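Have the structure open as you go through it.

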Amino acid sequence: METENRAQVTRAATIVMAAILVSRILGFLRERAVAEVFGRTAATDAFFAAFALPDLMYQLLVGGALSSAFIPVFTQYLAKDEENEAWHVASIFLNATFLILLGLMILGVIFAPVLAPLVGVGFTGEHKDLLILLMRVTFPAVFFTALAGLCMGVLHSYKSFLRPAVGPIIYNLSQIVGAYLLGPIIGIMAMAVGTVAGAAGNFAVQFPEVWRRGARHYRRALDFKHPGIRRMLQLMLPAILGLSIAQVNVIVSQNLASTLEEGSIVALRLANRLINFPLGIFAMGISTAVFPTLATLAAKGERQEFIRTLGFGLRIVSFITIPSAVGMAALRVPIVRLLFESGEFTALDTAATAFVLLFFVPGLFAQAALQVTTRGFYSLQDTKTPVKIGFWTVVINLLLSLAFLRWTELGAGGLALAYSLSSIFNVILALAILGKRLPALLNLELLATVGKSSAASVLMGICVAWTFSALEAGLAIQGKLGEAVQTLGAITIGVLVYLILAAVLRMDEVRFVWGLIKGKLKRRRGAKEEG
């Protein structure tokens with residue numbers, strides 16, 4: 001049974017991580033476009049701050065309502081061959097969401113001057129005026145993006161994945177094109193225009209397929225007493241609370257960064273995006289893959305297998321994210337320089353972003369482990385505990401941020417360090433509570449994985465730093481090609497050294513990684529044979 005569960009997690013994780021990888025690469029190209037065209041300036045700070053509230057609205061309405069409520073209930077009706085009833089519930093939900101989004105968009109545009117201090121308390125004068133203008137222009141983006149998210153939920157329920165996959169590509173490409181084509185003409189406003197156009201394109205590419213499937217079933221109804229709607233609300237509220245706490249943490253750091261030197265928000269955002277690369281691909285992919293298995297085991301009451309599967313998820317996350325953190329710390333300057341230093345983004349901007357990145361690194365493993373522990377709580381049908389822990393995490397993050405800003409010279413680095421320390425507090429508390437409920441979870445096997453991964457990562461970090469220095473001194477290649485060879489060469493050596501050390505230490509997690517690689521190669525070979 002344990003082998004079967006691991007095989008299921010391996011297959012699912014391979015698929016999910018591949019999809020997320022494409023998304024992250026496009027996201028990096030977008031961030032690079034912003035950095036190259038506009039640099040680390042007050043105007044760029046204003047754009048990132050302006051999009052904070054619309055992004056919060058999207059995360060709550062789509063990330064919370066869609067993933068935790070709409071898809072499970074809608075799919076349940078479809079599974080029972082009750083398509084008419086499924087669309088009755090979907091119609092009510094879609095109609096209500098449409099009206100809520102429309103109202104929030106209008107209110108956001110009208111009251112942007114009142115909302116501006118919530119995301120940029122340090123902005124004054126013309127910078128504050130720019131922030132308000134950008135907020136008014138970008139608010140409609142969340143309207144279209146949220147509708148696109150709902151379309152995605154419907155199509156996924158029908159096992160239709162092509163259009164939902166194309167939508168985000170259009171969104172990212174629109175922002176990239178906006179930066180490069182309109183940026184030199186209308187400045188940072190090009191990003192706002194590209195964002196709205198991309199959000200509308202994301203929705204437009206999915207809606208025809210949704211309409212084709214649901215036109216004959218759609219109803220103009222708002223029946224909030226329907227059992228399906230009540231069930232959605234029960235599932236939705238805890239998820240929205242949990243997501244709001246996580247987003248508040250980000251907004252707190254960004255808001256405080258607006259009181260620092262020009263470009264601090266940009267440095268904070270780019271460093272956070274780099275941390276989110278391994279976090280998003282590996283931790284999110286693994287936790288997403290392990291969630292269905294955990295939920296099934298919990299429902300069947302198979303306690304010991306549940307503990308083994310949850311522990312396996314934590315061990316895999318440790319095995320991957322600990323070396324990622326060490327490698328990112330060792331190569332922070334080369335990585336930032338390779339990805340972002342171009343055009344208006346100078347060497348000084350690289351140094352500032354790399355400095356912030358260093359203080360995000362300690363929290364990488366904690367943030368990754370939280371992806372798994374949160375799924376553990378949800379599988380046990382406990383949505384309240386993560387919210388309670390998250391509340392205290394926000395308080396600690398705020399207090400530490402204020403303390404570092406007041407008594408140190410770390411600047412934006414202090415905000416990153418506060419975020420990392422509060423994340424560590426979060427995961428320690430989550431593991432302590434889970435450990436009491438599941439006494440066998442925090443066992444020697446998990447501690448051994450963390451210890452071996454840490455030891456191998458330290459040696460790997462030394463090799464990575466030495467390799468980069470040797471390549472930098474020995475290669476005559478200049479420009480971006482030289483930077484790519486040096487950085488990617490060091491990363492390649494680091495991966496090989498870590499895997500060799502892990503094999504020498506007889507770490508069981510090596511087989512999981514090899515399973516991911518074999519699964520991907522088999523799919524590629526199968527696709528070629530079919531072609």
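Is arginine 212 buried or exposed? At 54% relative accessibility, arginine 212 is over the 50% cut-off, so it counts as exposed. Keep in mind that this is a predicted model.

**Salt bridges**
- The count comes to six salt bridges here.
- Arginine 212 pairs with glutamate 209, with the closest N and O atoms 2.8 Å apart.
- These two residues sit three apart in helix α8 (residues 189–214), about one turn of the helix.
- Glutamate 209 has 12% relative accessibility, so it counts as buried.
- There's a network here too: salt bridges link Glu209, Arg212 and Arg213.
- Over in helix α11 (residues 303–330), arginine 308 and glutamate 305 are three residues apart, so about one helical turn separates them.
- Arginine 308 and glutamate 305 form a salt bridge, their closest N and O atoms being 2.8 Å apart.
- Arginine 308 is partly exposed at 39% relative accessibility, while glutamate 305 is buried at 6%.
- Arginine 32 and glutamate 36 also form a salt bridge, at 4.0 Å from N to O.
- That pair is four residues apart in helix α1 (residues 2–38), so again about one helical turn.
- Glutamate 36 comes out partly exposed, at 22% relative accessibility.

**Helix packing**
- Helix α12 (residues 332–340) packs with helix α18 (residues 479–504) at about 140 degrees, axes 10 Å apart, so the two are oblique to each other.
- Their crossing is left-handed.
- On the α12 side, Pro334, Ile335, Arg337 and Leu338 make the contact; α18 brings Lys480, Glu483, Ala484 and Thr487.
- Those contact residues split into four nonpolar, one polar and three charged.

Technical notes
Residues are numbered from 1 along each chain as its sequence is written. This is a predicted model: local features need pLDDT of at least 70, side-chain atom pairs count only at pLDDT 80 or more; totals for chains, interfaces and linings use all residues. Side-chain values use heavy atoms; hydrogens and water are left out. Axes are lines fitted to C-alpha atoms, for helices over the stretch in contact, and angles run from 0 to 180 degrees between N-to-C directions. Angles under 35 degrees count as roughly parallel, over 145 as roughly antiparallel, 65 to 115 as roughly perpendicular and the rest as oblique. A crossing is left-handed if the near helix is turned anticlockwise from the far one by less than a right angle, and right-handed if clockwise. Contact means heavy atoms within 4.5 Å. Ala, Val, Leu, Ile, Met, Phe, Trp, Tyr, Cys and Pro count as nonpolar, Asp, Glu, Lys and Arg as charged, and the others, Gly among them, as polar. A salt bridge is a side-chain nitrogen of Lys or Arg within 4 Å of a carboxyl oxygen of Asp or Glu. Buried means under 20% relative accessible area, exposed over 50%, partly exposed in between (1.4 Å probe, protein chains only).
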